[in-house]
Amino acid sequence: MTEILRNTLASCSLFSHLDETAIDELASASTLETFAAGEDIVAEGQPVESMYIVAEGDVHVSTNALGRDVDLQTLGAGSYFGEVSLMS
């Protein structure tokens, strides 16, 4: 599991400047979470308390507009979101 975290962090553009030691430290402080297809990771309007990096698969970002879901973006492996939550 730590190898998956290490590889995911190393492939993320946000952490590309870090050396191997820093990546290892970050990986040891991280948690790997798995989500089922179609499962909500973050609900619109709810506070986000973590940063997420997509290790594999796709994450679909959508909003509800006039009572229907509207796709905004698809994030693939190496993409990240929730990073702003780390600053508050």
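**Figure 1. Residue A77 in the loop between strand 3 and strand 4 of the predicted model.** A77 sits between strand 3 (68-75) and strand 4 (80-81), where strands are DSSP runs of E with at least two residues, helices are runs of H or I with at least four, and both are numbered from the N terminus. A77 counts as exposed because its relative accessibility is 56%; exposed means over 50% relative accessible area, buried under 20% and partly exposed in between (1.4 Å probe, protein chains only). Beyond its neighbours within four places in sequence, A77 is in contact (heavy atoms within 4.5 Å) with V54, A55, E56 and G57. The C-alpha atoms of A77 and V59 are 8.8 Å apart, at a sequence separation of 18 residues. Residues are numbered from 1 along each chain as its sequence is written, and side-chain values use heavy atoms, with hydrogens and water left out. Since the model is predicted, local features need pLDDT of at least 70 and side-chain atom pairs count only at pLDDT 80 or more, whereas totals for chains, interfaces and linings use all residues.

**Figure 2. Residue L66 in the loop between strand 2 (59-65) and strand 3.** The phi angle of L66, a residue other than glycine, is positive, near 55°. L66 is exposed, with a relative accessible area of 90%.

**Figure 3. Residue T8 in helix 1 (residues 2-11).** T8 is buried, at 10% relative accessible area. A polar atom of the T8 side chain lies 2.8 Å from the backbone oxygen of I4. Leaving aside neighbours within four places in sequence, T8 is in contact with I53, V54 and A55.

**Figure 4. The largest nonpolar core.** Seven residues form this core: L5, L9, C12, F15, I23, A27 and M51. Helix 1 and helix 2 (20-28) each supply at least two of its residues. A nonpolar core is a set of buried Ala, Val, Leu, Ile, Met, Phe, Trp, Tyr and Cys residues joined through side-chain atoms within 4.5 Å.

**Figure 5. The largest pocket, with a volume of about 1400 Å³.** A pocket is an open set of points on a 1 Å grid over the protein atoms alone, where a 1.4 Å probe fits, with protein on both sides within 12 Å along at least five of seven lines; lining residues have an atom within 4 Å of a point. The volume is the space filled by probe spheres set on the points, which are joined across faces, edges and corners. Among the 40 lining residues, F35, I41, Y52, V59 and F81 are the closest to the pocket centre. Strand 2 gives the largest share of the lining, six residues.

Key. A polar contact is a pair of N or O atoms within 3.5 Å; within protein, one must be able to donate a hydrogen and the other to accept it, and residues adjacent in sequence count only if both atoms are side-chain atoms.
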